[in-house]
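Please look over the structure below before reading on. The paragraphs after it are meant to be read alongside the coordinates.

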Amino acid sequence: MGQEKLRPQTGWLPVAFGLDWHRPPRQQNATSFFYAHTDQWRYETLATSEILSPTAPPGDWSGSLIDYNVRAERMGWLPSAPQLKQNPLSIAARAKAAGLEAKDYVARALASGELELSCNDPDDPANWPRNLFVWRSNLLGSSGKGHEYFLKHLLGASNGVLGRDLGEEGREKPREVAWREQAPEGKLDLLVTLDFRMSTTCVYSDIVLPTATWYEKADLNTSDMHPFIHPLSAAVDPAWESRTDWDIYRGIAKAFSRVAPEVLGKETDVVLTPILHDTAGEMAQPFDVRDWKRGEVEPVPGRTMPSVTVIQRDYATIQERFTSVGPLMEKIGNGGKGIGWNTQHEMDFLRALNGTAKNGQPRMETDIDAIEVVLSLAPETNGEVAVKAWEALGKITGREHAHLAIPKADEKIRYRDLQAQPRKIITSPTWSGIESEKVCYSAGYTNVHELIPWRTLTGRQQLYQDHAWMRAFGEAMVTWRPPVDTKAVAPVRGKHGNGNREIVLNFITAHQKWGIHSTYTDNLLMLTLNRGGPVIWISEDDAREAGIADNDWVEAYNANGALVARAVVSQRVNPGMTLMYHAQEKIVNVPGSEVTGQRGGIHNSVTRAVLKPTHMIGGYAQQAYGFNYYGTVGSNRDEFIIVRRMNKVDWLDDEPATREAV
């Protein structure tokens with residue numbers, strides 16, 4: 001779940017998710033996925049009763065946070081991965097044998113228990129994620145809240161988890177999720193990472209595929225907060241054995257296509273999709289929350305449970321499909337945010353520009369070919385498409401909007417244009433601001449000045465949310481919520497003392513100045529500017545109380561794990577809090593931890609994902625799942641840690657230390 005989005009979104013989506021060949025895609029919100037499969041739910045200390053409003057409507061509001069997530073998945077509010085315990089390639093045959101359509105069979109079989117949703121038992125080996133490809137993401141470093149749980153349960157690696165799970169604590173266990181007394185350690189069979197540097201994630205990977213850097217490849221750089229499309233172009237070839245991301249995945253597609261016929265050919269896949277925002281289904285459950293598993297309503301695909309779609313796969317043609325633009329762009333067209341338009345002219349243009357593949361489709365063999373596809377299909381970079389998109393919206397609103405793009409109708413931004421200079425985007429209905437020399441870009445501009453309804457239940461800016469879950473958790477109106485107690489300090493307080501004074505501080509992880517956005521701190525220039533390794537900032541008052549001097553080695557820990565860093569004592573930090581700018585790698589200048597006996601830790605060693613039920617709502621207009629738009633987020637700003645000065649700085653050079661030896 002992210003905040004920034006790509007500007008040429010509707011051009012990128014077909015390429016990224018294969019929407020030109022198959023729809024719908026099988027997608028997942030990452031927070032729920034990792035919360036379940038790193039088993040952080042087994043350590044959940046926040047009870048729903050602690051965040052429930054005293055004015056909650058009548059009903060059963062019991063259960064844990066993972067229980068609410070499971071309810072959301074089975075009612076069609078959130079996606080699930082894996083989706084079913086049973087192989088989805090076998091479902092269509094089962095339905096045929098039963099004389100039913102796939103959607104009817106799935107609904108009946110889920111109700112009877114013949115089919116099972118994977119979310120009901122994430123620790124069942126049949127439901128484990130087995131293969132994970134990480135593309136240019138430092139998942140185990142900057143991204144993965146609950147780093148030590150990732151190591152313990154997903155990877156089965158040495159870890160610093162200090163707390164005990166609900167079973168060991170004798171606490172109440174989830175009601176919807178099967179509890180296994182022995183938690184699995186090491187669910188993944190294969191972890192592959194694509195990166196151009198040895199990040200924390202790469203260190204733990206089975207295979208690292210070296211990729212090209214910014215100056216060794218062709219690419220686009222955009223965001224929704226910047227009005228220009230910026231290009232990346234190769235100044236030199238990729239170094240040594242590294243290849244561009246596009247070449248790596250094309251190579252994987254080629255190899256997969258070669259070996260697929262040994263086990264997979266033309267297969268019938270059954271895909272479960274949540275009720276999506278900006279579709280007719282987003283109004284599937286506007287009045288009340290009714291759960292088919294509790295007998296409150298019948299399971300109806302797309303209304304009271306996920307939609308069910310049958311897709312024909314041909315695994316031997318993966319390479320062919322990866323390197324060409326598929327026929328659905330001509331049969332169905334393209335679109336976004338609930339509007340669609342014809343793309344036949346753009347497909348013909350791409351055949352002339354990129355050439356035609358053997359299957360008769362526009363060629364997409366190289367990274368530049370793919371860039372041209374994105375630029376040609378997106379209204380932000382193709383004026384003709386922008387006019388069509390605004391006209392499509394006009395059919396819905398009953399008003400004329402195309403005047404916003406007609407002055408740019410003849411503008412078609414190409415990759416070579418971007419190489420000459422960054423180009424400003426064209427006004428598009430994908431976004432609610434306009435690009436103008438007279439008006440600054442601001443969200444909601446077209447809603448106000450073009451009288452376009454907001455994409456809400458009321459069509460207006462909506463401040464009151466009458467959904468039952470919103471009212472239950474006290475968020476029907478815009479409100480401030482006090483910090484929750486994640487109870488991460490009490491279980492370890494006083495149990496790992498080294499004689500130095502311990503203080504408890506609120507732990508904040510912000511973006512930093514000594515890196516690039518959220519990563520790349522591990523280069524010599526940035527390390528030189530910022531003390532050569534991990535640092536943690538504390539106030540002068542707190543440092544004085546704990547006997548910590550600037551640049552001392554300190555340790556921070558709680559039930560989630562421990563980290564080691566140097567102290568930056570600063571008047572910029574308020575008493576009671578501590579700052580650790582994130583994405584400081586645990587593999588650079590980090591000694592061993594006195595608490596765990598293992599090397600250092602990272603800023604996410606002391607964090608854990610905490611889910612909110614109000615982020616799980618679906619089928620309720622604007623509160624309906626959308627990729628990178630609406631879903632659970634891993635809030636961790638309420639975390640507290642114990643900080644104390646270290647007595648011994650052990651670089652663990654002699655032999656591996658064990659926790660028992662500490």
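Predicted model: local features only at pLDDT ≥ 70, side-chain atom pairs only at ≥ 80, totals over all residues.

Residues are numbered from 1 along each chain as its sequence is written, and side-chain values use heavy atoms, with hydrogens and water left out.

Helices (H or I, at least four residues) and strands (E, at least two) are DSSP runs, numbered from the N terminus. Two strands count as paired if DSSP finds at least two bridges between them. Strands of a sheet pair through backbone hydrogen bonds, either parallel or antiparallel.

The open sheet has 3 strands in the order β1-β2-β3, with parallel pairing. Its edges are β1 (131-135) and β3 (207-210), each with a single partner strand, so one side of each has no neighbour in the sheet. From one strand to the next the twist averages 15°; for such angles, axes are lines fitted to C-alpha atoms, for helices over the stretch in contact, and values run from 0 to 180 degrees between N-to-C directions. Between β1 and β2 (residues 190-195) there are 5 bridges in the parallel sense, and W135 stands opposite L194 in β2. Helix α11 (residues 245-259) lies across β1, β2 and β3, at about 160° to β1.

Next comes a helix pair. Helix α1 (residues 9-17) packs against helix α15 (residues 367-377) at an angle of about 135°, the axes being 6 Å apart. That angle makes α1 oblique to α15, since angles under 35 degrees count as roughly parallel, over 145 as roughly antiparallel, 65 to 115 as roughly perpendicular and the rest as oblique. T10, G11, W12, P14 and V15 of α1 meet V373, V374 and L377 of α15, where contact means heavy atoms within 4.5 Å.

D269 is located in strand β6 (residues 266-273). Its relative accessible area is 2%, so D269 is buried (under 20%; exposed is over 50%, partly exposed in between, with a 1.4 Å probe and protein chains only). The D269 side chain makes polar contacts with the side chains of R26 (3.0 Å) and R313 (3.0 Å). A polar contact is a pair of N or O atoms within 3.5 Å; within protein, one must be able to donate a hydrogen and the other to accept it, and residues adjacent in sequence count only if both atoms are side-chain atoms.

Finally, 6 strands form a closed barrel, β11-β15-β12-β14-β13-β16, with mixed pairing.
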